Amino acid sequence: MAALAGRRGADIGKLSTILLFLPPALLLFTLFVVLPVGEAAWYSGFNWNGFGSPTNWIGLDNYRFVFDNRAFGTAFKNNLLIIIVSLLIQLPLALSLAIILADRFRGAVVLRMVFFLPYILAEIATGLIFSFVYDGDYGLLAAIYKSFGAEAPHLLASPQTAFAAILVVVVWKYFGFHMMLFIAALQSLDRSMLEAARIDGASRWQSLRYVVIPALSPTIRLSAFFAIVGSLQLFDLVMPLTRGGPSDSSHTMVSFLYTFGITRMRVGFGSAVGVILFLICVVFAFTYKRWIMRDE
Amino acid sequence: MARFKRLLVSVATLAFGSGAALAQTTVKWLHIEANPVPVKIWEEVAREFEAKNPGVKIEMQYLENEAYKAKAPTLLQSKDRPHIIYSWAGGVLKSQVEAGVLEDITPAMQGYRDNLSASAVDAFTVNGRIYGVPYGVSQVGFMANKDLLGKAGVDAGKITSYDDFLDAVKKLKAAGITPLAVGGADKWPVHFYWTHLAVRLGGKAAMQAALKGQDGGFEGETFQKSGELFKQLVDLQPYQNGFLGFKSQQAIGHFGDGKAAMLLAISSFYHTQKVFAVDKAGVPDDKLAWINFPTVAGGKGQPSDTLGGINGWLITKGAPKEAVAFLKYFVNAEPQKRLAAGNFIVPVYKGAEAGLGSAFMRNIAQNIANSTYHQNFYDQDLGPSVGRVVNDATTEIAAGTMTPKQAAKAIQDAFRQGN
């Protein structure tokens with residue numbers, strides 16, 4: 001009897017906690033997530049230039065315009081490219097640097113800071129800095145080419161190279177962040193496992209392959225999640241570097257949204273892009289959580 | 001917070017009774033002028049106006065051209081919008097009027113408007129109501145560096161037909177000189193080629209037919225032909241290396257630095273080419289030539305037809321009446337003459353053009369005065385959405401990623417979608 005009362009007491013306690021803490025969170029979530037997304041979905045049905053309130057309902061036409069737009073296809077492909085580069089170049093680079101720098105040797109802390117520095121820099125500043133670096137007349141790259149007596153290419157001015165040049169900046173800017181995540185994980189690793197492996201005669205490579213990396217797996221999965229979501233949202237490096245050009249070759253979905261939706265005053269169209277992007281992110285996040293991060 | 005402040009001010013006004021005379025009206029004025037010299041004259045005029053109108057303060061804000069265009073729709077709908085904003089008239093102005101974010105200033109313009117060039121006032125008239133005060137007009141044509149042309153054996157004065165022009169480009173290429181500079185990243189400097197060719201090919205009639213959807217609209221013969229003629233130029237590879245990555249300001253600087261022989265320019269670049277040159281001097285007057293856009297064989301447009309801008313200032317909804325009063329003070333004989341003397345604008349105030357300081361600008365003013373058809377920039381005239389597609393498509397022709405036919409179709413598609 002007493003036990004039952006105690007149990008009920010705990011239930012009431014739990015319930016009051018829910019009643020106390022859930023409403024503010026739910027309210028904020030509704031206000032700042034559900035409503036804006038719902039609003040964007042509503043606007044996406046209109047041919048609307050953003051002035052006043054929308055009146056010209058065109059149903060799903062905006063979605064058709066989006067998929068008919070050549071530049072959207074390029075933007076989508078570019079987003080996929082960023083994801084691939086992030087997963088195949090950025091994360092391995094971050095991981096290998098982390099493995100080296102997690103050990104406490106002289107200068108390790110300084111090196112960590114140096115590699116982390118690009119991440120601290122504002123995206124827009126990074127973009128401006130690299131637009132100078134890549135400048136084919138006066139830039140750092142041009143100076144290097146000139147010292148070899150060659151004429152420098154204008155990387156950002158050619159549809160073939162502009163997006164690759166952006167990818168380099170993306171890797172440069174974000175690998176430090178992932179490296180820090182890996183270093184943190186490495187430092188909380190159970191040392192006794194490594195020692196056990198060493199006593200068992202495992203080589204350095206073997207202990208990396210069979211002990212360290214499996215132990216880091218939750219962090220790697222988390223890191224990959226950040227990299228993919230971040231890749232889908234990339235915007236503020238593209239604008240100062242190329243503004244999506246030349247010939248719309250370097251748009252991401254977000255810069256596409258901004259350029260074709262906002263600056264052209266086609267808010268309905270832009271909203272449709274926003275909704276598509278939102279759906280892609282949601283589907284990805286749920287799938288990833290369900291299949292890849294299900295243990296955590 | 002602002003509302004609270006306003007409340008405090010009105011309470012104070014009530015309490016002291018005489019507050020009205022002391023109340024400070026601030027007129028917020030947003031411009032896109034990157035050249036500090038004319039802005040200094042503007043500021044002087046503003047200070048004079050303040051001295052004559054106690055209690056009024058004119059506050060200037062600057063935004064870069066492209067940033068301004070991107071920000072305008074949201075800016076205009078915010079409660080904190082500026083009272084006076086820059087405008088290129090045309091379709092953008094029309095959508096702003098339709099949205100009801102501008103103030104109808106027709107009554108305030110009575111009497112005063114007769115002092116201004118009628119066509120310039122017309123550009124700011126929508127459905128018979130006036131929404132803005134014109135400020136200056138400009139012409140598109142080639143600015144040329146006589147030294148560089150001379151080295152290639154080209155005479156600027158002899159370029160009258162498009163074939164002459166293509167020939168000059170070939171000669172410059174052969175002499176190892178970059179024939180043309182252009183800011184391909186901003187796209188609008190590229191669209192001048194296509195639109196001016198269309199003006200030469202079809203004249204006023206073709207544009208008006210296209211706007212009504214006749215003769216195949218922008219997919220019609222005139223506009224495809226202008227793309228093909230433009231392609232002939234593009235195939236000669238006349239532009240500086242990496243032109244698709246150049247912003248307009250960089251390209252203008254390139255010309256100012258003497259790195260390219262010609263620049264398809266707005267006449268107001270007369271100054272900007274100095275501002276953006278490394279040495280801040282640019283191509284000196286005695287070496288700077290102006291070439292009217294060449295005529296095209298069989299073209300229906302008059303050689304005197306001009307492409308250019310009609311720029312001015314709009315009053316936004318809810319602006320204090322002092323804003324119009326200031327504009328009428330600002331666009332007036334004396335300030336317009338002062339700006340003309342510095343060659344910053346081709347003035348719209350009648351008689352002020354006599355004050356133009358340089359032969360270069362007097363020539364432009366003469367061209368515009370002789371013009372029977374002054375076509376506003378297409379990207380402004382056709383409105384924000386279609387206009388931008390014109391910029392896109394023409395830049396794609398220059399990049400070689402669209403054929404003239406595809407470009408014309410893209411523009412007509414955008415026009416048909418009508419948003």
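Biologist: What makes B:Lys274 and B:Asp285 a salt bridge?

Modeller: A salt bridge is a side-chain nitrogen of Lys or Arg within 4 Å of a carboxyl oxygen of Asp or Glu. In this predicted model, the closest N and O atoms of B:Lys274 and B:Asp285 are 3.6 Å apart, so the pair meets the definition. B:Lys274 sits in helix α13 of chain B and B:Asp285 in the loop between α13 and β10, so the bridge ties together parts that are 11 residues apart in sequence. Helices (H or I, at least four residues) and strands (E, at least two) are DSSP runs, numbered from the N terminus.

Biologist: Why is B:Asp285 called partly exposed?

Modeller: Buried means under 20% relative accessible area, exposed over 50%, and partly exposed in between (1.4 Å probe, protein chains only). B:Asp285 has 39% relative accessibility, so it counts as partly exposed.

Biologist: Thanks! Before we go on, what should I know about the numbering and the model?

Modeller: Residues are numbered from 1 along each chain as its sequence is written, while chains are lettered from A and ligands numbered from 1 in the order in which they are written. Because the model is predicted, local features need pLDDT of at least 70 and side-chain atom pairs count only at pLDDT 80 or more, whereas totals for chains, interfaces and linings use all residues; side-chain values use heavy atoms, with hydrogens and water left out.

Biologist: How do you know that B:Lys287 and B:Asp147 form a salt bridge?

Modeller: Their closest N and O atoms are 3.5 Å apart. This pair links distant parts of the chain, 140 residues apart: B:Lys287 is in the loop between α13 (269-275) and β10 (288-292), and B:Asp147 is in helix α8 (residues 146-151). B:Lys287 is partly exposed at 30%, and B:Asp147 is partly exposed at 40%.

Biologist: What makes A:Arg64 and A:Asp68 a salt bridge?

Modeller: The closest N and O atoms are 3.9 Å apart. Both residues lie in helix α2 (residues 61-68) of chain A, 4 residues apart, about one turn of the helix. At 44% relative accessibility A:Arg64 is partly exposed, whereas A:Asp68, at 57%, counts as exposed.

Biologist: How many salt bridges are there over all chains, and how many between chain A and chain B?

Modeller: Over all chains there are 22, and 4 are between chain A and chain B. One joins B:Asp186 to A:Arg243, with the closest N and O atoms 2.6 Å apart.

Biologist: How much area do the two chains bury between them?

Modeller: About 2400 Å², 47% of it on carbon and sulfur atoms. Buried area is the accessible area (1.4 Å probe) that two parts lose on being put together, summed over both. In chain A, A:Phe51, A:Arg243 and A:Arg264 lose the most area to chain B, together 27% of what that side buries. The contact (heavy atoms within 4.5 Å) takes 25 residues from chain A and 33 from chain B.

Biologist: Which residues does B:Lys247 contact, beyond its neighbours within four places in sequence?

Modeller: They are A:Pro240, A:Arg243, B:Gly183, B:Ala185 and B:Asp186. B:Lys247 lies in the loop between α11 (221-234) and α12 (248-256) of chain B, and its 35% relative accessibility makes it partly exposed.

Biologist: Why is helix α11 (residues 253-262) of chain A described as largely enclosed?

Modeller: Because 8 of its 10 residues are buried. Among them are A:Met253, A:Phe256 and A:Phe260. The cover for these buried residues includes α3 (70-101) and α12 (267-291) of chain A, together with α18 (383-399) of chain B.

Biologist: Which residues touch the most other members of the largest nonpolar core?

Modeller: B:Phe165, B:Phe230, B:Leu233, B:Met262, B:Phe330 and B:Tyr378 do, in a core of 140 residues. Helix α10 (residues 188-211) of chain B gives the largest share, 11 residues. A nonpolar core is a set of buried Ala, Val, Leu, Ile, Met, Phe, Trp, Tyr and Cys residues joined through side-chain atoms within 4.5 Å.

Biologist: And why is A:Phe32 called exposed?

Modeller: Its relative accessibility is 59%, so A:Phe32 counts as exposed. A:Phe32 is in helix α1 (residues 2-43) of chain A.
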